[in-house]
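This report examines a charged residue and its surroundings in a protein model, and then turns to the sheet beside it.

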Amino acid sequence: MPYADCCGRLHRGEADAPTAEALMRSRYAAFAVGDRDYLLRSWHSRTRPPRLHLDPAQRWTGLEIVGTGGGGLFDSTGTVEFRAHYREGRDPGTVTERSRFVRENGRWVYLDAERP
């Protein structure tokens, strides 16, 4: 699915992510395109940092969803474990995380992460 029809709609505020996994995917895409505002908007108000620095040298190259728990249409909490791949210069890297998501004001938001 093209960016404009998938994550672009979420980033522009035209739709909300229907599941925790959809929010995770949209947040990965926001890192990839450098959309700091969306990342902050999709972060829980209690755990959101006051500002966010994105490293312009980091190029995100792929996302693997390892597993999910809850986070469906009728859930109020969910987890998504993933591996996000990037390159920094010539060096590849991977971020592995188990993210926790909750609904805040009816919308899925990122709460925090546990490193596996």
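## A buried charge

Arg27 is buried (under 20% relative accessible area, with a 1.4 Å probe and protein chains only). Arg27 has no salt bridge, a term for a side-chain nitrogen of Lys or Arg within 4 Å of a carboxyl oxygen of Asp or Glu. The nearest side chain of opposite charge, Glu97, is 6.9 Å away; Arg counts as positive and Glu as negative.

The model is predicted: local features need pLDDT of at least 70, side-chain atom pairs count only at pLDDT 80 or more, and totals for chains, interfaces and linings use all residues. Residues are numbered from 1 along each chain as its sequence is written, and side-chain values use heavy atoms, with hydrogens and water left out.

## Surroundings of Arg27

Arg27 lies in helix 2 (residues 20–33), helices being DSSP runs of H or I with at least four residues, and strands runs of E with at least two, numbered from the N terminus. Leaving aside residues up to four places away in sequence, Arg27 is in contact (heavy atoms within 4.5 Å) with residues including Trp43, Phe101 and Tyr110.

Four strands form an open sheet in the order 1-2-3-4, with antiparallel pairing; strands pair if DSSP finds at least two bridges between them. Strand 1 (58–70) and strand 4 (107–114) each have a single partner strand, so one side of each lacks a neighbour in the sheet.

Strand 2 and strand 3 (residues 91–104) pair over 12 bridges. Thr79, in strand 2 (residues 77–88), stands opposite Arg100 in strand 3. Thr79 is buried, with a relative accessible area of 15%.

Terms used: Buried < 20%, exposed > 50% of the residue type's maximum accessible area, 1.4 Å probe, protein only.
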